[in-house]
Amino acid sequence: MSLPARERMTGIFGVLIAALLWGSTGTAATFAPDVSAVAIGAVAMGIGGLLQAAIAAKSILEFSAQLAAQGRLLLTGALAVAVYPLAFYASMHLAGVTVGTVISIGSAPLLSALIEYRLEGQRLTRRWMSGATIGVIGMLLLSVAQSGEHGATGDSKQVMWGVLLGLLAGLTYALYSWAARRLMQRQIPSRTAMGATFGLGGLLLMPVLALTGGPLLASWNNAAVGAYMALVPMFIGYLCYGYGLARVSASMATTITLIEPVVAAILAVIIVGERLPPLGWLGITLVIACLLVITLPVQYRYARARNA
């Protein structure tokens with residue numbers, strides 16, 4: 001495998017590890033039912049972002065001039081980081097966990113590709129479009145299966161607002177991924193770009209955490225959930241995501257993270273005791289097929305085809 005191909009595969013692996021960690025957030029949140037969704041989002045992304053900035057502080061200072069020169073790009077990414085968890089968790093609260101997650105995560109690859117096409121002139125490959133289509137269909141099937149299993153979560157107007165907030169979450173997710181990658185493409189190291197973007201976004205989330213985070217300190221259990229959210233899915237997860245984002249496009253990275261709702265559904269079955277109907281397992285299969293289509297090296301697939 002050539003060096004660029006090896007770099008690409010390690011980048012894919014980094015994003016995949018991040019998505020696996022992110023998939024645990026929904027199950028973890030069930031262990032702190034008294035903590036609001038907004039507080040969970042603020043502590044996870046806020047504290048996690050500040051930790052990223054802390055470990056990259058020396059590099060951020062070293063590249064401060066370059067970051068200042070890219071101030072508009074950095075601010076765009078930071079604002080997107082601050083808005084994303086609020087929109088994401090509010091979407092799940094209004095439309096239900098499954099629908100909110102599917103809309104937020106499922107729309108991100110398409111919005112990311114449109115951002116790259118509009119702002120960078122990148123063309124959408126047939127392979128990516130095929131894989132993304134398979135993945136989105138799989139997520140829709142998973143959503144329908146779980147929604148049918150749990151029943152309606154609210155009136156139609158409430159669900160509509162949840163869907164709109166989910167689209168906002170998908171847009172901000174795609175936007176901060178694109179902004180961070182653009183910083184990396186402008187000779188700013190991955191850890192520096194992610195630390196500056198998420199650190200500034202974390203600072204913007206601190207007032208929200210101050211207003212809503214009281215229940216996190218009400219018990220050791222709630223505090224443990226908050227610490228887990230900040231340290232594992234957000235801090236470690238976004239370190240892995242930043243590593244991967246430096247090696248693959250933002251649209252591919254966001255497509256790979258379609259595995260997140262799959263992980264969430266499987267953990268809900270194993271740990272929380274939820275049931276997943278056959279339609280949901282079909283959706284999971286399609287999402288996995290999507291990942292194979294967009295990530296498996298072309299040369300390897302052709303070799304397999306010739307040897308078949």
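Author: Let's start with a term: the bend at a residue is the angle between axes fitted to the seven residues ending there and the seven starting there. Helices here are DSSP runs of H or I, at least four residues long, numbered from the N terminus. This is a predicted model, where local features need pLDDT of at least 70, side-chain atom pairs count only at pLDDT 80 or more, and totals for chains, interfaces and linings use all residues. Residues are numbered from 1 along each chain as its sequence is written, and side-chain values use heavy atoms, leaving out hydrogens and water.

Now for α10, residues 190-212. This helix bends by about 35° at Leu205, and a proline, Pro207, follows within four residues. Even so, the end C-alpha atoms of α10 sit 32 Å apart, which agrees with the 33 Å its 23 residues should span at 1.5 Å a residue (the expected span is 1.5 Å times one less than the number of residues).

A bend of about 30° falls at Tyr238 in α11.

As for the setting, the protein has 15 helices and zero strands, and buried residues make up 48% of its 308 residues.

Technical notes. Helices (H or I, at least four residues) and strands (E, at least two) are DSSP runs, numbered from the N terminus. Buried means under 20% relative accessible area, exposed over 50%, partly exposed in between (1.4 Å probe, protein chains only).
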